[in-house]
Structure formats: C-alpha cells, structure tokens
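The following report describes selected features of one structure. The sequence and the structure are shown first.

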Amino acid sequence: MSRAAIELINVEKVYEEGTPAEVHALRGIDLVVNKGEFIAIMGPSGSGKTTLLNIIGTMDKPTRGRVIIDGEDVTDYSEARLAHIRREKIGFVFQFFNLISTLTALENVTLPMLLTGKYSEKEAREKALDLLTLVRLRERANHKPRELSGGEQQRVAIARALANHPTFVLMDEPTGSLDTVTGSRIMSLCRVLNEKFGQTFIVVTHNPGVAKAAKKIYHIRDGKLYKTPPEDLMKYTWTPSVGEKNEIMRVYIRILRQELNSLKRRLTSGQISDAEYRMIKQRILQDLELIRRGIEK
Ligand SMILES: Nc1ncnc2c1ncn2[C@@H]1O[C@H](COP(=O)(O)OP(=O)(O)OP(=O)(O)O)[C@@H](O)[C@H]1O
Ligand SMILES: [Mg+2]
C-alpha cells in the first residue's frame with residue numbers, strides 16, 4: 001500500500017470562472033503528504049492557503065485536477081460520501097472556528113463523537129472535558145461561543161477537531177487568535193499526537209512561529225506551491241518542552257483508559273463483534289504503552 005495519505009495532482013481552483021470577477025486561487029498544485037507527516041504551508045494573506053486546505057479536507061472541490069485521500073480518488077464523490085470520509089478520518093480547524101453558536105464549548109466538542117455512535121453521552125462528555133483540559137479551557141466548558149474570546153473559541157475548535165482521533169488533522173491558522181504561550185501549548189499538543197499516534201498534520205499559517213512545529217514546510221504564493229529547501233528548514237527546528245509533553249501524555253493516558261471502557265461497553269451491548277473488540281483493544285493498548293514509555297522522568 002502506498003504511504004501517501006493525501007495526494008493532489010495538478011489542482012487548480014478558479015472562483016467565478018468565466019466572469020469578470022474570476023480569481024485564480026490555485027494554479028496547478030502538486031502535493032504528496034505521507035502518513036504521519038507534519039507539514040506546514042506558509043504564505044501571505046490571499047495566497048490560497050484556505051482554498052488549498054478546504055480542497056485537501058474535501059470541504060471544496062477543485063476546478064481542475066485530482067484529490068486522492070488514503071489511495072481513494074475522491075474528486076468526484078458526492079457530498080454524502082465526502083461527509084462520511086470527513087467524519088471518519090478528518091479533523092478540521094477552520095480559520096473562523098465555525099462553532100455552533102447555540103451549543104456550549106463542551107457540547108461543541110461532544111457533538112462529533114456522538115455523531116459516530118461510538119460513545120455514550122457520558123463517555124463523550126468525559127472525553128470532551130479531557131480535550132478541553134488539553135487546550136486549557138476546561139473551566140470554560142459551559143460557556144457558549146459568544147461568551148468566549150476569539151482565542152478561547154479557537155481552542156474549542158481545536159479540541160473538537162481532535163475529538164474522533166482523526167487520521168488527518170487540518171488546521172487553518174490554528175493559533176491566529178492565540179498568545180505565544182497558548183499557541184506554543186497547542187503546537188506541543190499537535191507534536192505529541194503526531195509523534196505518539198502517527199496522526200498526519202497539515203497546518204496552514206502565515207506565522208513562522210507555528211510553522212516551526214512542522215517537520216516540512218511549503219510556501220504558497222499566488223496559488224503556486226514551493227518546497228522549502230532543507231537548509232532553510234534548520235531555522236525552524238523546534239521541540240516542545242518535556243514538562244508540557246508529559247502533561248499532555250498524562251491526559252492522554254486517561255483518555256485511552258476511557259476508550260477501553262467504552263470499547264468494553266460496546267462489546268457487552270453487542271455493538272461490535274468479538275474480533276473488532278480485540279483488534280481495537282490491541283491498538284489502544286499499543287498507544288497506551290507508547291505513551292507510558294514516552295513520559296520522561
Ligand atoms: N468564495 C470565493 N469567491 C471568490 N474569490 C475567493 C473566494 N474565496 C477566496 N477567494 C479569493 O481567492 C484567493 C485566495 O484566498 P484564500 O482565502 O485561499 O487565501 P488565504 O491564503 O487563506 O488568505 P488569509 O491568510 O487572508 O486567510 C484570494 O484572492 C481570495 O480573494
Ligand atoms: Mg485563509
């Protein structure tokens with residue numbers, strides 16, 4: 001099987017094609033992102049970052065070119081099929097958060113879990129509280145978006161994107177509304193998830209401080225993508241602090257233990273077969289072991 005997680009082939013996006021208002025937002029983008037990579041795409045305002053991320057995340061379709069996710073050419077898929085792929089595999093942090101205004105922070109994070117049918121309400125709530133702890137927002141869990149600052153809303157959006165442990169995490173300026181310390185905390189979280197669980201991260205940003213958390217950096221300018229030469233990458237070398245990493249991993253130990261409990265419940269209630277139970281349990285135990293070993297004294 002190919003290691004490519006996401007592949008874009010000659011992707012173009014033209015808004016309002018054929019009208020006087022026509023905008024060539026993407027001009028022939030080729031990109032391969034392998035499983036477990038952590039890439040950043042940097043570029044100035046209006047360069048096509050959001051357009052590109054929306055196409056990678058199947059929120060929008062290219063005007064021309066192909067989009068391949070996990071070996072599947074999804075370019076011509078119906079919206080219903082795409083919605084299914086997004087729910088199963090993709091966590092998306094929108095530039096302008098897109099929280100549901102009538103739901104509290106906690107409910108916004110809980111919702112994607114409940115939609116999968118894999119969690120009881122109590123289980124989803126507990127996991128959501130842990131995710132809000134990870135983004136340092138637990139004490140605001142019962143606030144609605146309008147009662148939260150921009151940075152707080154952004155952190156809810158990040159917790160929500162991580163809720164279903166997606167294979168791909170796509171983030172559009174994930175720290176645009178955050179201060180440096182909180183932003184760094186978020187990038188540490190992303191790095192731990194990338195390194196321990198192999199989740200693939202694609203972050204678009206104009207902030208070099210965020211891009212340095214990535215292991216490969218591209219630049220986009222006027223809808224064209226350029227790879228940063230390795231010698232330039234050196235200046236982005238960054239690792240999270242041990243204290244921060246340990247704190248994040250301790251919360252994840254709790255989350256994974258809870259996952260084992262809900263898995264057991266799904267087996268007992270007949271929602272999953274014995275074979276499925278054993279397979280998923282094995283995976284969770286492996287993750288737990290990795291995390292336990294990763295905690296540095
Ligand atoms: N729905 C749309 N209709 C028409 N033009 C659009 C639309 N969305 C974006 N554009 C244009 O496409 C270009 C790329 O926009 P995009 O939002 O991808 O930029 P960006 O790099 O994310 O910018 P920013 O850093 O400001 O978020 C811009 O010129 C923008 O005006
Ligand atoms: Mg944008």
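## Crossing of H9 and H10

In this predicted model, H9 and H10 cross with a left-handed sense (the near helix is turned anticlockwise from the far one by less than a right angle). Helix H9 spans residues 242-268 and helix H10 residues 274-294; helices are DSSP runs of H or I with at least four residues, strands runs of E with at least two, both numbered from the N terminus. Their axes lie 10 Å apart at an angle of about 165 degrees, where axes are lines fitted to C-alpha atoms over the stretch in contact and angles run from 0 to 180 degrees between N-to-C directions. H9 and H10 are therefore roughly antiparallel (an angle over 145 degrees).

On the H9 side, the contact includes Met249, Tyr252 and Ile253; on the H10 side, it includes Tyr277, Ile280 and Lys281. Contact requires C-beta atoms, placed from the backbone, within 7 Å. The residues of this contact comprise twelve nonpolar, one polar and four charged. Ala, Val, Leu, Ile, Met, Phe, Trp, Tyr, Cys and Pro count as nonpolar, Asp, Glu, Lys and Arg as charged, and the others, Gly among them, as polar.

## Surroundings of ligand 1

Ligand 1 is surrounded by 14 residues, the closest being Tyr15, Ser45, Lys49, Thr50 and Thr51 (C-beta atom, placed from the backbone, within 6 Å). H1 supplies the largest share of this shell, three residues. The shell divides into three nonpolar, nine polar and two charged residues.

## Basis of the model

Residues are numbered from 1 along each chain as its sequence is written, while chains are lettered from A and ligands numbered from 1 in the order in which they are written. The model is predicted: local features need pLDDT of at least 70, side-chain atom pairs count only at pLDDT 80 or more, and totals for chains, interfaces and linings use all residues.

Terms used:
Angles under 35 degrees count as roughly parallel, over 145 as roughly antiparallel, 65 to 115 as roughly perpendicular and the rest as oblique. Two residues are in contact if their C-beta atoms, placed from the backbone, lie within 7 Å.
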